[in-house]
Amino acid sequence: MNYKIAVIPGDGIGPEVIGEALKVLDAVGEKYGHTFEYTKVLAGGCAIDEKGECLPQETVDVCRSSDAVLLGAVGGWKWDTLPGDKRPERALLGLRKELGLFANLRPALLFEELAEACPLKPEIVEGGLDIVVVRELTGGIYFGEKGTVDTDLGPAAYDVEQYAEEEVRRIAKVAFDMAMKRNKKLTSVDKANVLESSRLWRRIVAEVAEDYPEVEVNNFYVDNAAMQLVRNPKQFDVIVTSNIFGDILSDEASMITGSIGMLPSASLANGNFGMYEPVHGSAPDIAGQDIANPMATILSAAMMLRYTFGLGDEADCIENAVKKVLADGYRTADIAKDGEAVTGTAEIGRLIKEAI
Ligand code: NAD
């Protein structure tokens, strides 16, 4: 098969880690008889420099006419003084909106080989950890009405958390489908003891649950979920939650796994279309030095194969290659222990490619 992929290398370490991911994809294509056709486009700081805007229309058009998008990272010190709405990171919000990416999937997977990077006690994570946070991405308080008003206590500001039933229903379905493909266990996180929007959330999740009788569902308040994630993370499998709660909980879940350089993510639209990117940013402090960890981006490419192209064996092949390289003892600087030998970005990419 031939697959069309829009590639957005972006800024900082983005082009370096994307370069390695494409090499690995090509190796998988060769092994399984697929062709991946890449169209590189600009977004972020480099697009501001070349086109005067962080998300040129051409980029949106290429993404729309592709089967999937693979993104490195955007942003950097050079553009830090620009006003908020002109900054490179605005490109991410624009892409989510233009491409209808309403579901964010963030696996928090603790590789056995990196168990020591986990900040929790070994007995808490014994046997590994494998959680997916499904976060609603285009609704809630980040997109609700906002403004300022005068009050008796002086000027005040507000942001409205609002969810329509349909917004909850579609993200709940993504999460239930994910649970069906995994261990048939779903935790929905809300604050239904206080928030009206959360009561609606809980009611709709219960409605959708009727279509998935095999899935065991439980509801957690967000404060309890935050606590349980560090107390007993193994009780979780798939977590579904709103935009703001997901933002916070997915970062917490990621930290449990150790390095940010290992974590992939997917943002999905209706149908199979998705945008895949590492969780980390453009890391300007280490850009251009061949020391960035490319594994998060390589694992994002694996997610793309699994979720958009339905190529499960090929995705497994990439994940197993990453595991092999870790098991063989190779480490980038971010995941190396004190005194351990360090391997560069390009060499790690080559080793993973070789293991395919
Ligand atoms: P960051 O994730 O870029 O870096 C945080 C720390 O982690 C840094 O010390 C960095 O060196 C390290 N790190 C990150 N990725 C790494 C990797 N693959 N290998 C090894 N070390 C890695 O976060 P930040 O410093 O807060 O942000 C830097 C820039 O990236 C900012 O402009 C920010 O707005 C942007 N950003 C972009 C995205 C995105 O494109 N999705 C996400 C977050 C931040």
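Predicted model: local features only at pLDDT ≥ 70, side-chain atom pairs only at ≥ 80, totals over all residues.
Start by selecting Leu93, which sits in helix H4 (residues 90-99); helices here are DSSP runs of H or I with at least four residues, strands are runs of E with at least two, and both are numbered from the N terminus. Residues are numbered from 1 along each chain as its sequence is written, and side-chain values use heavy atoms, with hydrogens and water left out.

Leu93 counts as partly exposed at 35% relative accessibility; buried means under 20%, exposed over 50%, and partly exposed in between (1.4 Å probe, protein chains only).

Still in H4, pick Glu98 and then Arg64. Their side chains meet in a salt bridge at 2.6 Å, N to O; the term needs a side-chain nitrogen of Lys or Arg within 4 Å of a carboxyl oxygen of Asp or Glu. Arg64 lies in helix H3 (residues 57-64) and Glu98 in helix H4, so the pair ties together parts that are 34 residues apart in sequence. Both ends are partly exposed, with Arg64 at 46% and Glu98 at 33%.

How many salt bridges does the structure hold? There are 26. For another, select Glu116 and Lys337, which pair at 3.5 Å, N to O. This one links distant parts of the chain, 221 residues apart: Glu116 is in the loop between strand E4 (103-110) and helix H5 (122-125), and Lys337 in the loop between H11 and H12. Glu116 is exposed at 63% relative accessible area, while Lys337 is partly exposed at 44%. Then highlight Glu165, Glu166, Arg169, Arg203 and Glu207, which are linked in a network of salt bridges.

Next, go to Ser198 in helix H7 (residues 196-209). Is Ser198 buried or exposed? Its relative accessible area is 5%, so Ser198 is buried. A polar atom of its side chain lies 2.9 Å from the backbone nitrogen of Lys191. Leaving aside neighbours within four places in sequence, Ser198 is in contact (heavy atoms within 4.5 Å) with Asp190, Lys191, Ala192 and Phe245.

Time for some backbone angles. Most residues other than glycine have a negative phi. Lys184, in the loop between helix H6 (165-181) and strand E8 (185-190), has a positive phi of about 55°. Asp290, in the loop between strand E12 (274-278) and H10, also has a positive phi, near 60°.

Last stop: helix H12 (residues 345-355), where Thr345, Ile348, Gly349, Leu351 and Ile352 are buried. Look down the axis of H12: these buried residues fall within an arc of 165°, so they line one face of the helix. The arc is that of the directions from the helix axis to the C-beta atoms. Now show what covers them, including helix H1 (14-32), helix H10 (295-307) and helix H11 (312-327).

Note on methods:
Polar contact = N/O pair within 3.5 Å; in protein donor to acceptor, adjacent residues only side chain to side chain.
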